[in-house]
Amino acid sequence: MSSTEQAGPSDKVVLRPRNVAFDWGSLPLHYVDGDPLATHLFNVMHLLLPEGEEWFVRTFKEALPLIHDEQLRDDVIGFIGQEAVHAQAHTQVLDQLTAYGIDVTPYALQMQFLFGRALGNRTHHGQNSLVERVALIAAVEHLTAFLGDWVLNADALDDVEFDPTMLDLLRWHGAEEVEHRCVAYEVMRYFDVRPARRIRTYLVIAPALMWFWARGVRYLMSQDPSLQNVPVKKRRPSFRRYRRVTAKGLFPGPMLIVRASLRYFRSDYHPSQEGSTEQAERYLASSPAARAAAG
């Protein structure tokens, strides 16, 4: 199904967290086409997302008492539940990376500082601080909806050697990101409908995320035990090597990311324009991990 499919009013679903069961016992070190760089481009998610999604949960729990629209409250409760499960699922992968000899602790501690302290609540902060954090999350959720739609439609991932359990994790997570893609945006607009905050917070958070992602890839490549005998220069990821990965369709290319970012600035923007709820629901109904947990 094409990523140009758009959601409409009939796409409204009841958001709920889903139990999932992933078995990581056979996860290869390089699970994307045997390629270290392609693998570590995805592995950064397991470093970034657990702390980031726990920050989402804390922020939306703080916002919930201030929301008096019953439908929006229900959506926020479903969003909180899904993000909590996402954080747990990605944390499990960190244990497998550690078993391979990749020390994730230094980077994980930096993420704890970023999302726990630098972007956390303070007792003297008021409602404006909360709305600013909600707007930052709405910007991040635009990117995660874009990535979720991309991974659901990335046929190239089916054409190479890609660990099926990891691919299921990515597509299950991506499908839920598409499913709840409107919630953070609607909460932001509940408090502040002005486009200035939406645009400003995206200009802050999107480049920061790209920087942390690139930094995470560099760190993982430096820690990769299979590359320890490779000269340092060849271990360092480069834009040229990244473009080779994206040319194979194994990761979003730079122009896809730029175009997704520009969509967020449009005056008629709405998150329902990113992806298809129907497609997401179909995948969630067939996800091996969701079916294993249900069974």
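## Tryptophan 172 and its contacts

Leaving aside its neighbours within four places in sequence, tryptophan 172 is in contact (heavy atoms within 4.5 Å) with Arg18, Val20, Phe22, Val85, His86, Ala89, Tyr283, Leu284 and Ser287. This tryptophan belongs to helix H6, residues 164–179, where helices are DSSP runs of H or I with at least four residues, numbered from the N terminus. Tryptophan 172 has a relative accessible area of 0% and is therefore buried, a term that means under 20%, with exposed meaning over 50% and partly exposed in between, for a 1.4 Å probe and protein chains only.

## Basis of the model

This is a predicted model, in which local features need pLDDT of at least 70 and side-chain atom pairs count only at pLDDT 80 or more, while totals for chains, interfaces and linings use all residues. Residues are numbered from 1 along each chain as its sequence is written, and side-chain values use heavy atoms, with hydrogens and water left out.

## Helices H4 and H8

The axes of helix H4 (residues 127–153) and helix H8 (residues 195–223) come within 9 Å and cross at roughly 60°; axes are lines fitted to C-alpha atoms, for helices over the stretch in contact, and angles run from 0 to 180 degrees between N-to-C directions. H4 and H8 are therefore oblique to each other, since angles under 35 degrees count as roughly parallel, over 145 as roughly antiparallel, 65 to 115 as roughly perpendicular and the rest as oblique. Among the residues that meet are Leu136, Ala139 and Leu143 in H4, and Val204, Ile205 and Leu209 in H8.

Of the 27 residues of H4, 23 are buried, so that this helix is mostly covered.

## Helices H1 and H3

H1 (36–63) packs against helix H3 (residues 105–118) at an angle of about 20°, with the axes 9 Å apart, and the two helices are therefore roughly parallel to each other. On the H1 side the contact includes Leu47, Leu48 and Trp55, and on the H3 side it includes Met111 and Phe115.

## Aspartate 33

In the segment before H1 lies aspartate 33, whose phi is near 60°, a positive value in a residue other than glycine. Most residues other than glycine have a negative phi. Aspartate 33 is partly exposed, with a relative accessible area of 32%.
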